[in-house]
Amino acid sequence: MTDVAVVRCPEYTPSAVYDAVRNAVAYFGGMGAFVKAGQTVLLKPNLLKPSAPDEAVTTHPHVVGAVARLVRDCGAKAVIADSPGGPLSRSRLRRVYDKGGLTGVAADTQAVLNFDLSTVQVSNPNGTLIKRFELIQPAIQADVVINLPKLKTHTFMHLTGATKNVFGLVPGVIKAGYHAKLTAADDFARMLLDLLSLVKPSLTVVDAIVGMDGDGPAAGKPRHIGALIVSTDAVAADAAAASIAGFQPGDIPTLRLALERGLPGAAVSGLNILGEPLEKLKRKDFRPPRTTGGPGWLPAHVLRYLSNSLVVPTEVSKQDCNGCADCFRMCPVEAISMKDKKASIDKNLCIRCYCCHEICPARAIELKASLLHRMLMRH
């Protein structure tokens, strides 16, 4: 059995969040069981793009701040680092930190905000698919990595949590290369599990106080859940998060493939829940992303035949597009062009990775499900 602590935290007040984080980590021996004086500890929140905390796109600053305080009290140095989507630059990092409330967290906790743009190639001989990754330098320099994801749906991976969050250690637009090469969800999930086995976070703290459902990770709707999920096993944390959201492991490519690999904690039946029972937090009306391949009641051969109608395409709202060209720069297959300062998507080139949907600051990239898709998904 794999231990997962689930602790209620109804609101984002500094004291409530700090107490909840401390109580959850106490199930595993306290922060001192993971962090020693003098060490450098990488705190890896989900910092997808510049977003205010109440948008539920990024890990809430109070969660990051609580973990940073516990690390500081152990005599270690906390470094807050991530590589948001799109081109990596100091100015973009500054906007992400400022808008996400992390500049204040650093000032209050003496944590360091990372602005190091250097990268390093790291061998991954035990990877089943990817044998070498390029990562941001702080991920390699840290003595300890603490994973701080947000519980959100995801248009490609169905759920983004602890496993998907480590992908943020891959630098900026290099992420797009993985999307271009690994267009099948299962292949992308295999890559994520390979990366997780390389990074090996010592501790995962999932911000599930307010999550996101629908068309996450950026364009869904905030959903109050009121909990933190903590484990030394990122896959187990995801299994607990998926259960709370009402999803089955088979719905989540990373969990399904983790089960195939025999990884402990990939199934809820293999979890030892400490604290609040999962049943008391489950959200029966948690909406999946509309990009889900199809309803589970249809046979696989029928789904394959209907695949073109069930894969949800992206469209640009010309009215909402502000011409920033973030999607143009991010697209892994150059399916997006800029015409009259508006984005345009070539549907023949588009691979449905939904990177543009994730990164668009104006939410001008829309998901347009076919009539057949909408009819099938009602059942």
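User: To start, what is the bridge partner of Asp207 in S11?

Analyst: In S11, Asp207 is partnered with Leu228. Before going further, note that this is a predicted model, in which local features need pLDDT of at least 70 and side-chain atom pairs count only at pLDDT 80 or more, while totals for chains, interfaces and linings use all residues. Residues are numbered from 1 along each chain as its sequence is written, and side-chain values use heavy atoms, with hydrogens and water left out.

User: How many bridges join S10 to S11, and do they run parallel or antiparallel?

Analyst: Nine bridges join S10 to strand S11 (residues 221–231), and the two run antiparallel. Strands here are DSSP runs of E with at least two residues, helices are runs of H or I with at least four, both numbered from the N terminus, and two strands pair if DSSP finds at least two bridges between them.

User: How many residues of S10 are buried?

Analyst: Eleven of the eleven residues of strand S10 (residues 203–213) are buried, so the strand is largely enclosed by the rest of the structure. Buried means under 20% relative accessible area, exposed over 50%, and partly exposed in between, with a 1.4 Å probe and protein chains only.

User: Switching to rings, how many aromatic pairs are there?

Analyst: The count comes to six aromatic pairs, where rings of Phe, Tyr and Trp (its six-membered ring) pair if their centres lie within 6.5 Å, with planes under 30 degrees apart counted as stacked, over 60 as edge-to-face and the rest as tilted. One of them is the edge-to-face pair of Phe167 and Tyr178, at 6.0 Å centre to centre with 75° between the planes.

User: Where do Phe167 and Tyr178 lie?

Analyst: Phe167 lies in the loop between helix H6 (162–165) and helix H7 (174–181) and Tyr178 in helix H7, so the pair ties together parts that are eleven residues apart in sequence. Both Phe167 and Tyr178 are buried.

User: Which residues do ring pairs link into a cluster?

Analyst: Ring pairs link Phe133, Phe156, Phe167, Tyr178 and Phe188 into a cluster.
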